[in-house]
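Let me put the model up on the screen. I will go through one chain, then the pair, then a few single residues.

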Number of protein chains: 2
Amino acid sequence: MTVRDTGTEQLIKNTAKHMFFAEGKLHATTQEIADAAGVNRTLVNYYFRSRDALFDQVFHEAQRELMTLLDEVFDSKMPFKEKIRNLIDVFIEEAMKYPYREVFIITQMNRNDVMEFKRARIEKVNRILQEIQTEMDNGSLKAMNPRHYIINLFSMMAYPLVTAPLNSILFNMSNEEYQALMQERKQIIFETIFP
Amino acid sequence: MTVRDTGTEQLIKNTAKHMFFAEGKLHATTQEIADAAGVNRTLVNYYFRSRDALFDQVFHEAQRELMTLLDEVFDSKMPFKEKIRNLIDVFIEEAMKYPYREVFIITQMNRNDVMEFKRARIEKVNRILQEIQTEMDNGSLKAMNPRHYIINLFSMMAYPLVTAPLNSILFNMSNEEYQALMQERKQIIFETIFP
DNA sequence: CTTTTGTTTAACATTTTTGTCAAACCAGAA
DNA sequence: TTCTGGTTTGACAAAAATGTTAAACAAAAG
């Protein structure tokens, strides 16, 4: 069997991801995706069979990408504080590319009702919570429910990029200025988390 | 002229808001909205002329509601710290009811390209930034670009409610437990902001 | 009771979006 | 070159969503 692989399938998928995750066009039609990719709309069906199938695939890959990113950070053997610094750097860079990825995941979840994660995933989160708890016990972090710590961290990283269009208007900033502000945030968040 | 007002127009609008802001069904069809409201779909056209008109109206009202909420908090004459405590309380209560309102606003902005705010709105934000700057100058707040302060505050309040479906799975919590966690957050956020 | 007028409904029409299929196309194999 | 099989395209079909209209309905006014 000859597999030619002109890259079209990947192109379509990447374009869809760009529209969903980067531009926040959470409801793009197959026509819009095909146009943006510069290919015939029929190819969406040829490669993915249906619009829903494409959405599902993108959804699952988004989930995997996100989890892989976090795993790489959390599985590293750095000391805790460095781990967090690294997380902030990696995550914000990623979130500047794909600010709406988590929102896409959430809206897909809301649309299809719930979803389940592998037991291993939940346990991994538990280990991270444990790690944070340990830091709190030895006094290097302010004591609180470690979940709040995680939530604070991810909120401060992710939300300002989701709300960028609104914020940059209200703060009267250009896109470039706002981007610079997001770079500044890396240090600010670190200092807010480790006072 | 007799105005009968059976409340249907308001019912449709409220139902739409509930689907958009509370359930996160950002792409609900007119049929889905009508069904949820228990009315004939044609009434959407009767009262709002078109789907887009309904979306526009809901969008603008959402914007106004949000701005009014913030104005009430910020225009009050409390001392700064109390103002913030009040903001956290009011905003989180509101965000628990309508977690996706800001996301709806953002996605509508992304869909229709930009949007403009009244000059008065920008100036009001500037006054708040000034107020924060003053607090930093007299040492009651850690010095930083006051925009980060605002961003941190709103991120920690809003984002965990947007990501609730995902978080409650990853943290292995029931809805009730997660809600309780959000109540706890009011104090946590206050302490994180005022270390 | 009858009329008036705003409200609601069902049937129909239009538009938008998605899906299918056969033919054309094109690069590598024979 | 011809054959082969994956790829691309345009025309068409089907489905989904939105919009329109006329008639039925119901409450207040006369």
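In chain A, buried residues make up 30% of the 195 residues. Buried here means that 20 or more other C-beta atoms lie within 10 Å of the residue's own; exposed means 12 or fewer, partly exposed is in between, and the C-beta atoms are placed from the backbone. This is a predicted model, in which local features need pLDDT of at least 70 and side-chain atom pairs count only at pLDDT 80 or more, while totals for chains, interfaces and linings use all residues. Residues are numbered from 1 along each chain as its sequence is written, and chains are lettered from A and ligands numbered from 1 in the order in which they are written.

Staying with chain A, it has 10 helices and zero strands. Helices (H or I, at least four residues) and strands (E, at least two) are DSSP runs, numbered from the N terminus. The order of elements is therefore quickly read out: α-α-α-α-α-α-α-α-α-α from the N terminus on. Along the principal axes, the C-alpha atoms of chain A fill a box of roughly 60 × 45 × 35 Å. Of the contacts in chain A with a separation of 6 or more, 58% are between residues 24 or more positions apart. Two residues are in contact if their C-beta atoms, placed from the backbone, lie within 7 Å.

How many residues of chain B are in contact with chain A? There are 41, and they meet 41 residues of chain A. On the side of chain B that touches chain A, the elements giving two or more residues are helix H6 (101-111), helix H7 (119-137), helix H8 (146-162), helix H9 (164-170) and helix H10 (175-193) of chain B. H8(B) gives the most to that side, with 10 residues. By type, the side of chain B that touches chain A divides into 23 nonpolar, 11 polar and seven charged residues. Nonpolar means Ala, Val, Leu, Ile, Met, Phe, Trp, Tyr, Cys and Pro; charged means Asp, Glu, Lys and Arg; the others, Gly among them, are polar.

Next, helix H5 of chain B, residues 80-97. At 1.5 Å a residue, its 18 residues should span 26 Å, and its end C-alpha atoms are 26 Å apart, which agrees. The expected span is 1.5 Å times one less than the number of residues. Which residues of H5(B) are buried? They are B:Ile84, B:Leu87, B:Ile88, B:Phe91, B:Ile92 and B:Ala95. Seen down the axis of H5(B), the buried residues fall within an arc of 115°, so they line one face of the helix. That arc is taken from the directions from the helix axis to the C-beta atoms. The face turned away from the buried side of H5(B) carries the exposed residues B:Glu82, B:Glu93 and B:Lys97. Helix H4 (51-75), H8 and H10 of chain B are included in what covers the buried residues of H5(B).

On to the core. The largest nonpolar core has 78 residues, and those with the most contacts inside it are A:Phe20, A:Met157, B:Phe20 and B:Met157. Such a core is a set of buried Ala, Val, Leu, Ile, Met, Phe, Trp, Tyr and Cys residues joined through C-beta atoms within 7 Å. Leaving out residues up to four places away in sequence, A:Phe20 touches A:Lys25, A:Leu26, A:Ala28, A:Val58, A:Tyr100 and A:Phe104.

A:Tyr149 sits in helix H8 (residues 146-162) of chain A and counts as buried, with 23 C-beta neighbours inside 10 Å. Beyond residues up to four places away in sequence, A:Tyr149 touches A:Ile132, A:Leu141 and A:Met144.

A:Arg49 lies in the loop between helix H3 (42-48) and helix H4 (51-75) of chain A. Its phi is near 75°, a positive value in a residue other than glycine. Is A:Arg49 buried or exposed? A:Arg49 counts as exposed, because it has 11 C-beta neighbours inside 10 Å.
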